[in-house]
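Subject: Handing over a structure

Dear colleague,

I am passing the structure below on to you, and my notes on it follow. Please read them with the structure open beside you.

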Amino acid sequence: MRIGVLGAGQLGRMLALAGYPLANTFVFYDISGNPSVGLGDIIIDRDEQYLDDFLSRVDRVTYEFEHLPVHIAEKIAASKPVHPAPRSLQVCQNREAEKKLFGALGIPTPEWRMADSPESLKAAAEALGCPVVAKSNTEGYDGKGQAVLRSPEDASDAWHSINHSRLMVEKFVDFSREVSIISVRGEDGQVAVYPITENIHHDGILRYSVAPAPGLTPPVSEQAERFASALLNELNYVGVLALELFETPEGLVANEMAPRVHNSGHWTIEGASTSQFENHIRAVSGQPLGDVSPRGVSCMINIIGEHGDIRRIMELPYTHVHLYDKLERPGRKLGHINVLADNYAELVWRVRNCAEFLPGTPEFKSSLSRG
Ligand code: AMP
(Lines give C-alpha, C1' and ligand atoms only; values in the text may rest on other atoms or scores of the structure.)
Protein backbone atom coordinates (compact mmCIF):
# COMPACT_ATOMS: atom_id res chain seq x y z
CA MET A 1 0.00 0.00 0.00
CA ARG A 2 1.17 3.58 -0.71
CA ILE A 3 1.03 5.50 2.56
CA GLY A 4 1.15 9.27 2.67
CA VAL A 5 2.45 10.84 5.88
CA LEU A 6 1.81 14.47 6.80
CA GLY A 7 5.01 15.58 8.48
CA ALA A 8 8.54 14.39 7.79
CA GLY A 9 10.40 14.14 11.09
CA GLN A 10 11.76 11.23 13.12
CA LEU A 11 8.31 9.79 13.84
CA GLY A 12 7.66 9.52 10.11
CA ARG A 13 11.08 7.96 9.70
CA MET A 14 10.27 5.26 12.26
CA LEU A 15 6.82 4.69 10.72
CA ALA A 16 8.48 4.01 7.37
CA LEU A 17 11.14 1.77 8.92
CA ALA A 18 8.32 -0.32 10.40
CA GLY A 19 6.16 -0.18 7.29
CA TYR A 20 8.61 -1.25 4.56
CA PRO A 21 8.80 -4.90 5.70
CA LEU A 22 5.03 -5.11 5.15
CA ALA A 23 5.50 -3.96 1.53
CA ASN A 24 4.27 -0.43 2.07
CA THR A 25 5.82 2.58 0.36
CA PHE A 26 5.94 6.09 1.80
CA VAL A 27 5.51 9.64 0.56
CA PHE A 28 6.01 12.44 3.09
CA TYR A 29 4.31 15.82 2.88
CA ASP A 30 6.30 18.50 4.67
CA ILE A 31 5.04 22.02 5.36
CA SER A 32 7.94 23.06 7.60
CA GLY A 33 10.54 23.31 4.83
CA ASN A 34 12.88 21.32 7.05
CA PRO A 35 12.26 17.58 6.65
CA SER A 36 14.52 15.19 8.56
CA VAL A 37 12.87 11.89 7.65
CA GLY A 38 15.77 10.89 5.38
CA LEU A 39 13.90 8.16 3.47
CA GLY A 40 10.89 7.75 1.17
CA ASP A 41 9.79 10.46 -1.25
CA ILE A 42 9.41 13.91 0.28
CA ILE A 43 7.19 16.67 -1.06
CA ILE A 44 8.06 20.03 0.45
CA ASP A 45 5.09 22.31 0.13
CA ARG A 46 4.76 25.42 2.24
CA ASP A 47 1.72 26.85 0.47
CA GLU A 48 -0.40 23.89 -0.61
CA GLN A 49 0.68 23.96 -4.25
CA TYR A 50 1.53 20.28 -4.48
CA LEU A 51 -1.23 18.72 -2.41
CA ASP A 52 -2.87 17.14 -5.50
CA ASP A 53 0.47 15.69 -6.58
CA PHE A 54 0.89 14.19 -3.09
CA LEU A 55 -2.64 12.73 -3.18
CA SER A 56 -2.13 11.18 -6.61
CA ARG A 57 0.76 9.18 -5.19
CA VAL A 58 -0.84 7.67 -2.07
CA ASP A 59 -3.69 5.32 -1.13
CA ARG A 60 -4.09 6.33 2.51
CA VAL A 61 -2.92 9.25 4.57
CA THR A 62 -1.80 9.54 8.18
CA TYR A 63 0.16 12.13 10.14
CA GLU A 64 3.07 12.25 12.51
CA PHE A 65 2.55 15.63 14.12
CA GLU A 66 -0.58 17.32 15.39
CA HIS A 67 0.19 20.98 14.77
CA LEU A 68 -1.00 20.56 11.25
CA PRO A 69 -3.68 22.88 9.83
CA VAL A 70 -6.96 20.93 10.25
CA HIS A 71 -8.23 22.27 6.91
CA ILE A 72 -5.45 20.38 5.10
CA ALA A 73 -6.46 17.11 6.77
CA GLU A 74 -10.13 17.81 5.98
CA LYS A 75 -9.36 18.61 2.35
CA ILE A 76 -7.45 15.35 2.05
CA ALA A 77 -10.23 13.40 3.77
CA ALA A 78 -12.59 14.45 0.98
CA SER A 79 -10.63 12.31 -1.50
CA LYS A 80 -8.53 9.76 0.45
CA PRO A 81 -8.99 7.91 3.76
CA VAL A 82 -7.20 9.87 6.52
CA HIS A 83 -6.37 8.01 9.74
CA PRO A 84 -6.85 9.10 12.49
CA ALA A 85 -9.86 11.16 11.33
CA PRO A 86 -9.38 14.98 11.34
CA ARG A 87 -11.66 15.35 14.39
CA SER A 88 -8.90 13.82 16.53
CA LEU A 89 -6.51 16.46 15.26
CA GLN A 90 -8.99 19.19 16.05
CA VAL A 91 -9.50 17.97 19.62
CA CYS A 92 -5.78 17.55 20.31
CA GLN A 93 -4.97 21.05 19.07
CA ASN A 94 -7.27 22.66 21.58
CA ARG A 95 -6.85 22.03 25.30
CA GLU A 96 -10.39 23.17 26.07
CA ALA A 97 -11.95 20.77 23.55
CA GLU A 98 -9.68 18.00 24.83
CA LYS A 99 -10.61 18.54 28.49
CA LYS A 100 -14.32 18.67 27.57
CA LEU A 101 -14.02 15.36 25.75
CA PHE A 102 -12.24 13.79 28.74
CA GLY A 103 -15.01 15.07 30.99
CA ALA A 104 -17.77 13.76 28.73
CA LEU A 105 -16.17 10.30 28.78
CA GLY A 106 -15.75 10.25 32.56
CA ILE A 107 -11.96 10.57 32.39
CA PRO A 108 -10.77 12.59 35.42
CA THR A 109 -8.74 15.77 34.73
CA PRO A 110 -7.29 18.47 36.96
CA GLU A 111 -9.98 21.01 37.80
CA TRP A 112 -9.80 23.73 35.12
CA ARG A 113 -11.07 27.13 33.96
CA MET A 114 -10.49 29.20 30.83
CA ALA A 115 -9.00 32.72 30.91
CA ASP A 116 -8.93 35.37 28.20
CA SER A 117 -7.44 38.32 30.10
CA PRO A 118 -5.03 38.94 33.01
CA GLU A 119 -8.08 39.64 35.19
CA SER A 120 -9.85 36.39 34.33
CA LEU A 121 -6.56 34.51 34.85
CA LYS A 122 -6.37 36.00 38.34
CA ALA A 123 -10.02 35.09 39.00
CA ALA A 124 -9.40 31.52 37.79
CA ALA A 125 -6.36 31.20 40.08
CA GLU A 126 -8.46 32.43 43.01
CA ALA A 127 -11.34 30.08 42.21
CA LEU A 128 -9.14 27.00 41.76
CA GLY A 129 -6.70 27.76 44.59
CA CYS A 130 -2.97 28.12 43.90
CA PRO A 131 -0.70 26.73 42.68
CA VAL A 132 -2.22 26.53 39.20
CA VAL A 133 -0.68 25.94 35.78
CA ALA A 134 -1.67 28.30 32.96
CA LYS A 135 -1.19 26.99 29.41
CA SER A 136 -1.82 28.50 26.01
CA ASN A 137 -5.04 26.89 24.79
CA THR A 138 -3.56 26.12 21.38
CA GLU A 139 -0.05 25.66 19.95
CA GLY A 140 1.60 24.41 23.14
CA TYR A 141 3.97 21.47 23.30
CA ASP A 142 6.83 20.14 25.47
CA GLY A 143 5.86 22.50 28.29
CA LYS A 144 6.20 25.62 26.09
CA GLY A 145 3.66 28.42 26.54
CA GLN A 146 3.09 27.60 30.21
CA ALA A 147 3.54 29.21 33.60
CA VAL A 148 2.94 28.13 37.19
CA LEU A 149 1.15 30.67 39.37
CA ARG A 150 2.07 30.34 43.05
CA SER A 151 -0.39 33.10 43.94
CA PRO A 152 -3.19 34.96 42.09
CA GLU A 153 -0.88 38.01 42.18
CA ASP A 154 1.33 36.24 39.60
CA ALA A 155 -1.47 36.49 37.03
CA SER A 156 -0.30 39.61 35.22
CA ASP A 157 3.32 38.38 34.81
CA ALA A 158 2.14 34.92 33.73
CA TRP A 159 -0.31 36.38 31.22
CA HIS A 160 2.40 38.50 29.59
CA SER A 161 5.03 35.75 29.61
CA ILE A 162 2.69 33.28 27.86
CA ASN A 163 1.45 36.00 25.49
CA HIS A 164 -1.57 34.14 24.16
CA SER A 165 -5.19 35.26 23.80
CA ARG A 166 -6.78 32.27 25.57
CA LEU A 167 -5.41 30.17 28.39
CA MET A 168 -6.33 26.87 30.00
CA VAL A 169 -5.84 27.23 33.77
CA GLU A 170 -5.46 23.97 35.70
CA LYS A 171 -5.12 23.15 39.34
CA PHE A 172 -1.58 21.96 39.97
CA VAL A 173 -1.59 18.18 40.43
CA ASP A 174 0.69 16.84 43.15
CA PHE A 175 1.40 13.65 41.22
CA SER A 176 3.54 10.74 42.32
CA ARG A 177 4.68 10.17 38.75
CA GLU A 178 3.84 10.84 35.10
CA VAL A 179 2.70 7.92 33.00
CA SER A 180 1.32 7.38 29.53
CA ILE A 181 -0.69 4.79 27.77
CA ILE A 182 -0.16 3.94 24.11
CA SER A 183 -3.16 2.32 22.49
CA VAL A 184 -4.16 1.42 18.97
CA ARG A 185 -7.43 0.77 17.17
CA GLY A 186 -7.75 -1.04 13.87
CA GLU A 187 -10.09 -0.24 11.01
CA ASP A 188 -12.37 -3.04 12.20
CA GLY A 189 -12.62 -1.54 15.71
CA GLN A 190 -10.17 -3.97 17.34
CA VAL A 191 -8.38 -2.25 20.26
CA ALA A 192 -4.98 -3.10 21.77
CA VAL A 193 -3.34 -1.33 24.71
CA TYR A 194 0.37 -1.45 25.59
CA PRO A 195 1.37 -1.64 29.25
CA ILE A 196 1.48 1.75 31.01
CA THR A 197 4.81 3.57 30.70
CA GLU A 198 6.46 5.70 33.41
CA ASN A 199 7.92 8.92 31.98
CA ILE A 200 10.67 11.08 33.44
CA HIS A 201 10.85 14.66 32.11
CA HIS A 202 13.44 17.37 32.66
CA ASP A 203 12.70 20.96 31.63
CA GLY A 204 9.56 19.77 29.85
CA ILE A 205 11.46 17.26 27.66
CA LEU A 206 11.03 13.51 28.01
CA ARG A 207 14.36 11.94 29.04
CA TYR A 208 13.50 8.39 30.15
CA SER A 209 10.54 6.03 29.76
CA VAL A 210 10.29 2.80 31.75
CA ALA A 211 7.89 0.08 30.65
CA PRO A 212 5.92 -1.61 31.99
CA ALA A 213 5.70 1.12 34.65
CA PRO A 214 6.96 -0.48 37.89
CA GLY A 215 4.49 -1.19 40.68
CA LEU A 216 1.35 -1.09 38.57
CA THR A 217 -1.71 -2.53 40.21
CA PRO A 218 -4.45 -4.21 38.16
CA PRO A 219 -7.05 -1.53 39.04
CA VAL A 220 -4.76 1.25 37.74
CA SER A 221 -3.98 -0.65 34.53
CA GLU A 222 -7.65 -1.40 34.00
CA GLN A 223 -8.54 2.24 34.60
CA ALA A 224 -6.02 3.40 31.98
CA GLU A 225 -7.24 0.82 29.48
CA ARG A 226 -10.81 1.97 30.04
CA PHE A 227 -9.84 5.59 29.35
CA ALA A 228 -7.93 4.70 26.19
CA SER A 229 -10.74 2.51 24.85
CA ALA A 230 -13.35 5.17 25.56
CA LEU A 231 -11.37 7.76 23.59
CA LEU A 232 -10.59 5.43 20.70
CA ASN A 233 -14.20 4.36 20.33
CA GLU A 234 -15.69 7.83 20.74
CA LEU A 235 -13.38 9.24 18.04
CA ASN A 236 -13.94 6.19 15.80
CA TYR A 237 -10.17 6.25 15.81
CA VAL A 238 -7.83 4.30 13.52
CA GLY A 239 -4.14 4.22 14.47
CA VAL A 240 -2.05 4.83 17.58
CA LEU A 241 -3.23 7.22 20.30
CA ALA A 242 -1.06 8.35 23.23
CA LEU A 243 -2.65 9.50 26.47
CA GLU A 244 -0.49 11.25 29.09
CA LEU A 245 -1.63 10.95 32.69
CA PHE A 246 -0.61 11.87 36.21
CA GLU A 247 -0.63 9.10 38.79
CA THR A 248 -1.89 10.28 42.18
CA PRO A 249 -2.82 8.37 45.35
CA GLU A 250 -6.48 8.84 44.33
CA GLY A 251 -5.96 7.36 40.86
CA LEU A 252 -5.09 8.52 37.36
CA VAL A 253 -5.73 12.05 36.13
CA ALA A 254 -5.54 12.81 32.39
CA ASN A 255 -3.20 15.55 31.19
CA GLU A 256 -3.33 15.46 27.40
CA MET A 257 -3.37 13.17 24.41
CA ALA A 258 -1.56 12.98 21.08
CA PRO A 259 -3.19 11.56 17.95
CA ARG A 260 -0.04 9.79 16.78
CA VAL A 261 2.84 7.55 17.66
CA HIS A 262 4.59 9.03 20.69
CA ASN A 263 8.04 9.42 22.18
CA SER A 264 6.91 7.53 25.29
CA GLY A 265 6.16 4.54 23.05
CA HIS A 266 9.61 4.26 21.45
CA TRP A 267 10.51 1.46 23.88
CA THR A 268 8.06 -0.77 21.98
CA ILE A 269 10.48 -1.08 19.01
CA GLU A 270 12.44 -3.81 20.76
CA GLY A 271 10.54 -3.93 24.06
CA ALA A 272 7.20 -5.23 22.74
CA SER A 273 6.18 -8.01 20.34
CA THR A 274 4.92 -5.42 17.86
CA SER A 275 6.12 -1.81 17.93
CA GLN A 276 3.79 1.19 18.09
CA PHE A 277 5.06 2.11 14.61
CA GLU A 278 4.20 -1.23 13.05
CA ASN A 279 0.82 -1.26 14.76
CA HIS A 280 0.05 2.24 13.51
CA ILE A 281 0.88 1.16 9.97
CA ARG A 282 -1.13 -2.05 10.36
CA ALA A 283 -4.13 -0.03 11.56
CA VAL A 284 -3.88 2.66 8.89
CA SER A 285 -3.51 0.08 6.11
CA GLY A 286 -6.46 -2.01 7.31
CA GLN A 287 -4.43 -4.99 8.54
CA PRO A 288 -4.97 -6.91 11.81
CA LEU A 289 -3.14 -5.49 14.84
CA GLY A 290 -0.04 -7.19 16.25
CA ASP A 291 0.50 -8.47 19.78
CA VAL A 292 1.37 -5.69 22.25
CA SER A 293 2.91 -7.83 25.02
CA PRO A 294 6.19 -6.56 26.52
CA ARG A 295 9.44 -8.50 26.13
CA GLY A 296 10.96 -8.26 29.60
CA VAL A 297 11.35 -4.73 30.94
CA SER A 298 12.59 -1.73 28.95
CA CYS A 299 13.88 1.76 29.35
CA MET A 300 14.06 4.30 26.55
CA ILE A 301 16.71 7.01 26.93
CA ASN A 302 16.35 10.06 24.70
CA ILE A 303 19.52 11.43 23.10
CA ILE A 304 19.09 15.19 23.44
CA GLY A 305 21.33 17.95 22.09
CA GLU A 306 24.52 15.94 21.59
CA HIS A 307 25.20 12.38 20.56
CA GLY A 308 27.71 11.45 23.24
CA ASP A 309 29.87 8.38 22.89
CA ILE A 310 27.58 6.34 20.63
CA ARG A 311 30.35 3.85 19.78
CA ARG A 312 30.74 2.90 23.45
CA ILE A 313 26.97 2.61 23.85
CA MET A 314 26.80 0.33 20.80
CA GLU A 315 29.35 -1.96 22.43
CA LEU A 316 27.01 -2.61 25.34
CA PRO A 317 25.21 -5.90 24.61
CA TYR A 318 21.83 -4.79 25.96
CA THR A 319 21.36 -1.53 24.03
CA HIS A 320 19.51 -0.77 20.79
CA VAL A 321 20.55 2.54 19.28
CA HIS A 322 18.20 4.55 17.05
CA LEU A 323 19.59 7.69 15.43
CA TYR A 324 17.52 10.22 13.51
CA ASP A 325 20.35 11.56 11.34
CA LYS A 326 20.02 15.08 12.72
CA LEU A 327 22.65 17.70 13.51
CA GLU A 328 23.40 18.45 17.16
CA ARG A 329 21.58 21.44 18.65
CA PRO A 330 20.69 22.18 22.29
CA GLY A 331 17.40 20.56 23.28
CA ARG A 332 16.99 18.70 19.97
CA LYS A 333 15.90 15.06 19.91
CA LEU A 334 18.69 13.30 17.99
CA GLY A 335 17.85 9.68 18.70
CA HIS A 336 17.05 7.27 21.47
CA ILE A 337 18.43 4.14 23.05
CA ASN A 338 16.30 1.22 24.14
CA VAL A 339 17.73 -0.78 27.01
CA LEU A 340 16.19 -4.18 27.71
CA ALA A 341 16.54 -6.38 30.78
CA ASP A 342 14.91 -9.35 32.48
CA ASN A 343 14.13 -7.46 35.69
CA TYR A 344 14.08 -3.91 37.06
CA ALA A 345 17.26 -4.20 39.16
CA GLU A 346 19.20 -5.20 36.08
CA LEU A 347 17.47 -2.49 34.05
CA VAL A 348 18.48 0.29 36.48
CA TRP A 349 22.09 -0.83 36.43
CA ARG A 350 22.15 -1.01 32.64
CA VAL A 351 20.47 2.37 32.13
CA ARG A 352 22.90 4.10 34.53
CA ASN A 353 25.82 2.49 32.77
CA CYS A 354 24.57 3.58 29.36
CA ALA A 355 23.71 7.14 30.46
CA GLU A 356 27.33 7.69 31.52
CA PHE A 357 28.21 7.93 27.85
CA LEU A 358 25.57 10.59 27.20
CA PRO A 359 26.89 13.93 28.48
CA GLY A 360 24.17 16.29 29.70
CA THR A 361 21.73 13.47 30.39
CA PRO A 362 20.22 13.89 33.86
CA GLU A 363 20.75 11.10 36.35
CA PHE A 364 18.24 8.24 35.96
CA LYS A 365 15.73 8.66 38.76
CA SER A 366 12.39 6.90 38.61
CA SER A 367 9.92 5.24 40.95
CA LEU A 368 12.52 2.42 41.06
CA SER A 369 15.00 4.69 42.88
CA ARG A 370 12.37 5.36 45.54
CA GLY A 371 12.45 1.67 46.40
P1 AMP B 1 1.82 19.58 29.01
O2 AMP B 1 2.35 20.43 27.90
O3 AMP B 1 0.39 19.86 29.32
O4 AMP B 1 2.08 18.12 28.78
O5 AMP B 1 2.67 19.93 30.31
C6 AMP B 1 4.06 19.77 30.37
C7 AMP B 1 4.48 19.30 31.74
O8 AMP B 1 4.09 20.25 32.75
C9 AMP B 1 3.84 17.99 32.18
O10 AMP B 1 4.57 16.90 31.67
C11 AMP B 1 3.92 18.10 33.70
O12 AMP B 1 5.21 17.76 34.17
C13 AMP B 1 3.69 19.58 33.94
N14 AMP B 1 2.27 19.84 34.19
C15 AMP B 1 1.34 20.13 33.25
N16 AMP B 1 0.12 20.30 33.78
C17 AMP B 1 0.26 20.13 35.11
C18 AMP B 1 -0.65 20.16 36.22
N19 AMP B 1 -1.96 20.46 36.08
N20 AMP B 1 -0.14 19.90 37.45
C21 AMP B 1 1.16 19.61 37.64
N22 AMP B 1 2.07 19.58 36.63
C23 AMP B 1 1.64 19.83 35.38
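The domain assignment divides the protein into domain 1 (2–82), domain 2 (111–171) and domain 3 (177–369), with bounds that come from an automatic or database domain assignment. This is a predicted model, in which local features need pLDDT of at least 70 and side-chain atom pairs count only at pLDDT 80 or more, while totals for chains, interfaces and linings use all residues. Residues are numbered from 1 along each chain as its sequence is written, and side-chain values use heavy atoms, with hydrogens and water left out.

I begin with domain 1 and domain 3, whose C-alpha centres lie 23 Å apart. Between them, 19 residues of domain 1 are in contact with 23 residues of domain 3, where contact means heavy atoms within 4.5 Å. The two domains bury about 1800 Å² between them, and carbon and sulfur atoms give 65% of that area; buried area here is the accessible area (1.4 Å probe) that two parts lose on being put together, summed over both. On the side of domain 1, the residues that lose the most area to domain 3 are Gln10, Met14 and Arg60, which together account for 29% of what that side buries.

Two salt bridges are counted between domain 1 and domain 3, a salt bridge being a side-chain nitrogen of Lys or Arg within 4 Å of a carboxyl oxygen of Asp or Glu. The side chains of Arg60 and Glu187 meet in a salt bridge, at 2.7 Å from N to O. Helix 1 and strand 4 each supply at least two residues of the side of domain 1 that touches domain 3, and the largest share of that side, seven residues, comes from helix 1. Helices (H or I, at least four residues) and strands (E, at least two) are DSSP runs, numbered from the N terminus.

Helix 1 (residues 10–19) is mostly covered, since nine of its 10 residues are buried, where buried means under 20% relative accessible area, exposed over 50%, and partly exposed in between (1.4 Å probe, protein chains only). Among the buried residues of helix 1 are Gln10 and Met14, and what covers the buried residues includes strand 1 (2–6), strand 2 (25–30), helix 10 (276–284) and strand 17 (333–341).

In strand 4 (residues 60–63), Arg60 and Thr62 point one way and Val61 and Tyr63 the other way, and all are buried. Strand 4 pairs with strand 1 in the parallel sense over four bridges, and Val5 stands opposite Thr62; two strands pair if DSSP finds at least two bridges between them.

Some backbone details remain. Most residues other than glycine have a negative phi, and most peptide bonds are trans. The peptide bond from Cys130 to Pro131 is cis, with omega near 0°, and Pro131 is in the loop between helix 6 (118–128) and strand 6 (132–136). The bond from Ala211 to Pro212 is also cis, with omega near -15°, and Pro212 is in the loop between strand 12 (205–211) and helix 8 (218–234).

Glu48, in the loop between strand 3 (41–44) and helix 2 (51–56), has a positive phi near 55° and counts as partly exposed at 28% relative accessibility. Asn163 has a positive phi of about 55°; Asn163 lies in the loop between helix 7 (155–162) and strand 8 (167–171), and is exposed, with a relative accessible area of 65%.

With best wishes
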